[in-house]
Amino acid sequence: MATSATGRLLALVGLAVMLAAFAGCGGGEPDALEGASISTGRWGHTATLLEDGRVLVVGGQESPSGKLATAEIYDPAADAWSSAGSMSVARGVGHRATRLSDGRVLVTGDSDEAIAEIYDPSNGQWSQAGVMIEPRNAATSTLMADGRVMVTGGGDATKAGQDPLASTEIFDPATGEWTAAGDLLNENYAHGAVLLQDSRVLIAGADLSEIYDSETDTWAAAGEPLRERTGGYPVVLLSDGRVMVPGGEFKQRRRAGADPIRNVELYDPTTEAWTRVADMNDARTRHAAVLLNNGNVLLVATRELQMYNPSTDMWASAGKMSQERGTYYTATVLQDGRVLLVGGQEEDDGGRLTGVSVVEIYDPANFQEG
């Protein structure tokens, strides 16, 4: 009996050591390294990887009332920023940017007049891309397999209010025209969307997920997530075709504020089922998550960096950033596999909210799993 108990104790100790080694390893806390600062600190911007490896940063806010029309481009080879001109309208939190098949970038949302714009990296010029059917904020914008762009839901972006929308519309770069598409089954605001490997579009909503079939122009239910999320969650398409939704927040009725959650779920398009996987190390909301070149997922939250391995279903600490970033920052995977971290919120000496100008770069090659 004593021998059996001792054996179980040693096994438990060994397991604890193994788990601790994985959770604590990260190549000696491989922190993000500071790069060249962006000229205008901002949050709520968009960051788009261009075909030539540079990153286009558009709009955002430098203060709670200060929306930006300016854009900047980061060149990783030179570690330098340059101006990318200005849009015709300022766009703050809630606009979207999508790289088109021809390398140009479509920018939509957060415009009372529903104006859409396109940036052309080949000549550095902005041009109008028509007027959307609905003025939207916090919608999704997804490049479809045929080169068109699907924009779904969001909130009414007029000065009248923020009523959630069920309508969708499609932009055709070949014609420059917007056309109405099938309505969502539910109104969705601040949701997520990805293009699945079978060319359908998945919407991960707060209460119900939906899938769009472009051949029939219809939406179908894609199952109900196990944990209700009212916002603040990223959506990541994994290498194997499953879709990951980590964290977010849950706002209870009759209660101010929202509670961040640790839950992580995966959606499998082949089985049309949601499953819960390992929780994050900490509850997170309004964070960023990106798929790395090796198939792992890097999660960025304020200063903390966490790494998720889908093959082992385990999370590990991946170091820290030097800069507190609050919310509404961006993480962009560069062509060489490093991750560019831009923007966020901080308070100045007078306690006023301002945009972060410090830029950091994280190199996943420094991370070593135990």
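This is a predicted model: local features need pLDDT of at least 70, side-chain atom pairs count only at pLDDT 80 or more; totals for chains, interfaces and linings use all residues.

Colleague: Why is serine 209 called buried?

Modeller: Buried requires a relative accessible area under 20%. Serine 209 has 0% relative accessibility, and therefore counts as buried. The residue lies in strand 19, which spans residues 209-213. Its contacts, leaving aside residues up to four places away in sequence, include Leu202, Ile203, Ala220, Pro225 and Trp274.

Colleague: What makes strand 17 and strand 20 edge strands?

Modeller: The open sheet has four strands in the order 17-18-19-20, paired antiparallel. Strand 17 (192-195) and strand 20 (218-221) each have a single partner strand, so one side of each lacks a neighbour in the sheet. From one strand to the next, the twist averages 25 degrees.

Colleague: How do you know that strand 17 and strand 18 pair?

Modeller: Pairing needs at least two bridges. Four bridges join strand 17 to strand 18 (residues 201-204), and the two run antiparallel. Within this pairing, alanine 193 stands opposite isoleucine 203.

Colleague: Which strands pair with strand 15?

Modeller: Strand 13 (residues 149-152) pairs with strand 15 over four bridges, in the antiparallel sense. Strand 16 (residues 177-181) also pairs antiparallel with strand 15, over five bridges. Isoleucine 170 of strand 15 stands opposite methionine 150 and opposite threonine 179 in strand 16. Four residues separate the strands in the hairpin of strand 15 and strand 16, where glycine 176 takes a positive phi near 75 degrees.

Colleague: What makes strand 15 mostly covered?

Modeller: Four of the five residues in strand 15 (residues 168-172) are buried.

Colleague: Why is the pair of tyrosine 212 and tryptophan 219 called tilted?

Modeller: Ring centres must lie within 6.5 Å to pair, while planes under 30 degrees apart count as stacked and those over 60 as edge-to-face. Tyrosine 212 and tryptophan 219 lie 5.0 Å centre to centre with 45 degrees between the planes, and therefore form a tilted pair. Tyrosine 212 is buried, with a relative accessible area of 2%, and tryptophan 219 also counts as buried, at 8%.

Colleague: How do you know that arginine 227 lies over the face of phenylalanine 250?

Modeller: The distance limit is 6 Å from the ring centre, with a further limit of 35 degrees from the ring normal. Arginine 227 is placed at 5.1 Å from the ring centre of phenylalanine 250 and lies over its face.

Definitions and conventions: Residues are numbered from 1 along each chain as its sequence is written. Side-chain values use heavy atoms; hydrogens and water are left out. Buried means under 20% relative accessible area, exposed over 50%, partly exposed in between (1.4 Å probe, protein chains only). Contact means heavy atoms within 4.5 Å. Axes are lines fitted to C-alpha atoms, for helices over the stretch in contact, and angles run from 0 to 180 degrees between N-to-C directions. Rings of Phe, Tyr and Trp (its six-membered ring) pair if their centres lie within 6.5 Å; planes under 30 degrees apart count as stacked, over 60 as edge-to-face and the rest as tilted.
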